[in-house]
Amino acid sequence: MMVLKGAEVAASMKEELIREVEEQKLKGISPMLGIVRVGARSDDLAYERGAIKRFADVGIGTKVFEYPETISQEEFIEGFSSINADPSIHGILLFRPLPKHLDEEAVRSLINPLKDIDCMSPINASKVFCGDETGFAPCTPEAVMQLLKHYNINVGGKRVVVLGRSLVVGKPLLMLLLGQNATVTVCHSKTANLKQVCSEAEILISAMGRAKMVTKDYIGKDAVVVDVGINVDNEGKLCGDVDFDSASENASMITPVPGGVGAVTTFILARHVVRSAAYLTAQK
Ligand code: NDP
């Protein structure tokens, strides 16, 4: 059984990004990500620190816009609008969910689709649906596709099962896989005979958020297994949706958690910032 390592994918993306950013800088473009955070949740702060470091490593700048959790809708929209209009900011990452009193929908329709590097805008969501590659797909499904591509796992003509139908992972992943000619089945909590359906997949991708639920019974002989889930097990340790040891008995390849898909997503985000910087500069 082969372990599909996110770090390996990230390393090759990193080299490519460094080259692209250098080329942009020679043209006078300094790609810059605006990170918008309301409050100070510890997981947001941890992600932010990691992103700032990884972006700096490839030469992309970051600016953090922090707002108090008590900010009013009007003040938040005013702040967000000025970031949206700031020509030095090329991509915007907004930590979600927002506090309940803030209207996320208002932000979705407000964000400049060219700066919407994490697919909040309905315009980018519809581009994913239409197979229009000028849009920005959500980073996690794109990270899955990048990982498969890196390891030369061609999805064309294959039976692929996706576990999960959320707007951030399952549904956009379905569209990206279809775009690469996979035959895709999307499962969810109401799917009947789940084990049977999953075990027929040549490639099984799990994005449910159910710790270690996917055991060998869900996996056909020599299937490729991609684990998108990020969960905590009974001992408080980070784990995926896949029970790695059990799954190893049937799978030919598996992505680990941590160290799989999650290690690739920030570099997809970085790639989107480089692209948004190019789009916005061309528009001037
Ligand atoms: P959601 O909770 O929005 O969606 C989960 C999906 O899984 C739903 O469609 C749900 O079905 C389905 N599901 C849940 N339980 C079962 C079950 N027992 N059997 C079959 N289907 C089930 O989660 P997200 O899509 O936002 O995230 C999924 C996982 O991916 C989470 O663990 C999250 O932490 C992780 N994640 C990882 C990222 C990364 O970078 N690696 C980034 C984003 C998310 P239904 O629709 O019927 O409720």
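Helices and strands here are DSSP runs, numbered from the N terminus. With that in hand, let's work through some exercises on this predicted model.

**Exercise 1.** Work out what stands out in the backbone of Asn152, and where Asn152 lies.

*Solution.* 
- Step 1: Most residues other than glycine have a negative phi.
- Step 2: Asn152 is not a glycine, yet its phi is positive, at about 55 degrees.
- Step 3: On the chain, look for Asn152 in the loop between α6 and β5 (159-163).

**Exercise 2.** Describe how α6 packs with α1 and with α10.

*Solution.* 
- Step 1: Two packed helices are described by the angle between their axes and the distance between the axes.
- Step 2: For α1 (residues 6-26) and α6 (residues 139-150), the axes come within 10 Å and cross at roughly 90 degrees.
- Step 3: Angles of 65 to 115 degrees count as roughly perpendicular, and α1 and α6 are therefore roughly perpendicular to each other.
- Step 4: On the α1 side, Gly6, Glu8, Val9, Ser12 and Met13 make the contact, while α6 brings Gln146, Leu147 and His150. By class, these residues are 3 nonpolar, 4 polar and 1 charged.
- Step 5: Now take α6 with α10 (residues 262-283): the axes are 8 Å apart and the angle is about 105 degrees. That makes α6 roughly perpendicular to α10.
- Step 6: From α6, Cys139, Thr140, Glu142, Ala143, Gln146 and Leu147 meet residues of α10 that include Val264, Ile268 and Arg271. This contact has 6 nonpolar, 4 polar and 2 charged residues.

**Exercise 3.** Sketch the surroundings of the ligand.

*Solution.* 
- Step 1: Around the ligand are 20 residues, and the closest are Thr140, Arg165, Ser166, Ser189 and Ile230.
- Step 2: Sort the shell by class to get 8 nonpolar, 10 polar and 2 charged residues.
- Step 3: Check the polar side-chain atoms against the ligand's oxygen atoms: Arg165 has one 2.7 Å from an oxygen, Ser166 has an N or O atom at 2.5 Å, and Ser189 has a polar atom at 2.5 Å.

Definitions and conventions
Residues are numbered from 1 along each chain as its sequence is written. This is a predicted model: local features need pLDDT of at least 70, side-chain atom pairs count only at pLDDT 80 or more; totals for chains, interfaces and linings use all residues. Side-chain values use heavy atoms; hydrogens and water are left out. A residue is near a molecule or strand if one of its heavy atoms lies within 4 Å of it. A polar contact is a pair of N or O atoms within 3.5 Å; within protein, one must be able to donate a hydrogen and the other to accept it, and residues adjacent in sequence count only if both atoms are side-chain atoms. Ala, Val, Leu, Ile, Met, Phe, Trp, Tyr, Cys and Pro count as nonpolar, Asp, Glu, Lys and Arg as charged, and the others, Gly among them, as polar. Axes are lines fitted to C-alpha atoms, for helices over the stretch in contact, and angles run from 0 to 180 degrees between N-to-C directions. Helices (H or I, at least four residues) and strands (E, at least two) are DSSP runs, numbered from the N terminus. Angles under 35 degrees count as roughly parallel, over 145 as roughly antiparallel, 65 to 115 as roughly perpendicular and the rest as oblique. Contact means heavy atoms within 4.5 Å.
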